[in-house]
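Visitor: Can you walk me through this one? I'd like to jump between topics as they come up.

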There are 2 protein chains.
Amino acid sequence: MDELKRQFVEDFGLYFESTGLTRMEGRIIGWLLICDPPHQSMGDLVEALGASKSSISVALRTLVTLYLIEQVRVPGERRDYYRASSDMWTRSFRARMHQLIELRDLAEHGLTLLAEMPKAQRKRLELMRDMNDFLAQEFPKLLDRWDEIKREKGYD
Amino acid sequence: MDELKRQFVEDFGLYFESTGLTRMEGRIIGWLLICDPPHQSMGDLVEALGASKSSISVALRTLVTLYLIEQVRVPGERRDYYRASSDMWTRSFRARMHQLIELRDLAEHGLTLLAEMPKAQRKRLELMRDMNDFLAQEFPKLLDRWDEIKREKGYD
DNA sequence: CGGTTTGTTCGGTCAATACCGAACACTACG
DNA sequence: CGTAGTGTTCGGTATTGACCGAACAAACCG
């Protein structure tokens, strides 16, 4: 892997680390987006990323669990291959949607705690709930529109 | 602080820890959303959260820097007060918007690396770029619509 | 049934960092 | 100027967790 690609992969690592995944998981995603061919075995990844088998192994499992990458089993071959999921971005977008719902629920919970308090006290939490509720309703519509555009553009 | 509120505050700590802030910062935000009065001094926070002055101090500074809370200086008083920003949720939403732009830029960067490669190789990154571009364009519109709703509801 | 290739699990190490207590700085007022 | 009251900075501690190497397991071949 040349220096520029290594940099690209490292940037991915840093980005995904900032979003809650591990750096290694981010690196794998980055690499799977630029590698040739697009599917890679564990051995390929060990070599390309210069990481240990064990680190790659656990990172791969996590990413598969999150549906961010797909495991490709070739019949007759011992090796498994991995590739970036075609819907990985909508997946992670949905995960963010879920965070909005968490926030809305937190606000609801707080409002029950302040049930006896005057309106002015409760306003902070009502604002929080309503905003996250609004966004949680709008996000799926955005996804639908994106699917539409994707089809128009001839992806998939 | 009673047990239920402590739980609420702790939930906030965990939530914000999962988004990249520290647990203490999350606890402060949680507390500032349910406390009475809505503005609190450092001493109030030290007592309410049972944390050290130093931890509170650095957490407050971070939150102020991020515009998630506001510092209220009362003339004639030595103490500073802090309260949850009225626009804290739009602030953090904008921060997420910025993450989309980062992703789009990462994709662009990758595409320059694959400039010589055939279309099929580049497709993964084009999809990534286009989706994040789409969302980065739509998010501000969502915020505008939310502002509208907020005004109708009589917040602000 | 050995032996080779592939993948997982485990123990240990190292780095990062959240938090604390204490020392230090600043401010306002007597 | 001195003294409370208020806020920041610093060193140390303890926890967390990402990563590695090696041992282990499992699958497939001769």
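Visitor: Where does Pro37(B) sit in chain B?
Guide: This is a predicted model. In it, Pro37(B) is in the loop between α2 (23-34) and β1 (40-41) of chain B.

Visitor: And what kind of peptide bond joins Asp36(B) and Pro37(B), cis or trans?
Guide: The bond is cis, with omega about 0°. Most peptide bonds are trans.

Visitor: What about the bond from Asp36(A) to Pro37(A)?
Guide: That peptide bond is cis, with omega near 0°. Pro37(A) is placed in the loop between α2 and β1 (40-41) of chain A.

Visitor: Back up one element. Which residue can you tell me about in helix α2 of chain A?
Guide: Ile34(A) is in that helix, which covers residues 23-34.

Visitor: Buried or exposed, that Ile34(A)?
Guide: Ile34(A) is buried: its relative accessibility is 1%, and the cut-off for buried is under 20%.

Visitor: What does Ile34(A) touch?
Guide: Leaving out residues up to four places away in sequence, Ile34(A) touches Lys5(A), Phe8(A) and Val9(A) in chain A, and Leu114(B), Arg124(B) and Leu125(B) in chain B.

Visitor: How far apart are Ile34(A) and Lys5(A)?
Guide: Along the sequence they are 29 residues apart, and their C-alpha atoms are 8.1 Å apart in space.

Visitor: Through which surface do the copies meet?
Guide: They meet through the same surface, because 98% of the interface residues of chain A are also interface residues in chain B.

Visitor: Okay, the fold. How many helices and strands does chain A have?
Guide: Chain A has 6 helices and 3 strands. In sequence order the pattern is α-α-β-α-α-β-β-α-α.

Visitor: How does its radius of gyration sit against a compact globule of 156 residues?
Guide: Such a globule would have a radius of gyration near 15 Å, but chain A has 21 Å. The C-alpha atoms of chain A fill a box of roughly 65 × 40 × 35 Å along the principal axes.

Visitor: What share of chain A counts as buried?
Guide: Of its 156 residues, 45% count as buried. The accessible surface of chain A is about 8200 Å², and carbon and sulfur atoms make up 49% of that.

Visitor: How many charged side chains are there, positive and negative?
Guide: Chain A has 24 positive and 26 negative side chains. The centres of those two sets lie 2 Å apart.

Visitor: And what share of the contacts links residues 24 or more positions apart?
Guide: The share is 45%, taken over contacts in chain A with a separation of 6 or more.

Visitor: Where is Tyr67(A), and how exposed is it?
Guide: Tyr67(A) is in the loop between α4 (53-65) and β2 (69-73) of chain A. At 49% relative accessibility it counts as partly exposed.

Visitor: What about Tyr67(B)?
Guide: Tyr67(B) has a positive phi near 65°. Its place is in the loop between α4 (53-65) and β2 (69-73) of chain B, and at 48% relative accessibility it counts as partly exposed.

Visitor: Is Ser85(A) buried or exposed?
Guide: Ser85(A) is buried, with a relative accessible area of 5%.

Visitor: Last one: where is Ala136(A), and what does it touch?
Guide: Ala136(A) lies in helix α6 of chain A, residues 119-153. Not counting residues up to four places away in sequence, Ala136(A) touches Leu100(A) and Ile101(A). Its relative accessible area is 14%, so Ala136(A) is buried.

Conventions: Residues are numbered from 1 along each chain as its sequence is written. Chains are lettered from A and ligands numbered from 1 in the order in which they are written. This is a predicted model: local features need pLDDT of at least 70, side-chain atom pairs count only at pLDDT 80 or more; totals for chains, interfaces and linings use all residues. Side-chain values use heavy atoms; hydrogens and water are left out. Contact means heavy atoms within 4.5 Å. Helices (H or I, at least four residues) and strands (E, at least two) are DSSP runs, numbered from the N terminus. The radius of gyration is taken over C-alpha atoms; the globule rule is 2.2 Å times the number of residues to the power 0.38. Buried means under 20% relative accessible area, exposed over 50%, partly exposed in between (1.4 Å probe, protein chains only). Accessible areas come from the Shrake-Rupley method with a 1.4 Å probe; for residues, only the protein chains shown count as cover. Lys and Arg count as positive and Asp and Glu as negative; His and the chain ends are not counted. The place of a charge is taken as NZ of Lys, CZ of Arg, CG of Asp or CD of Glu.
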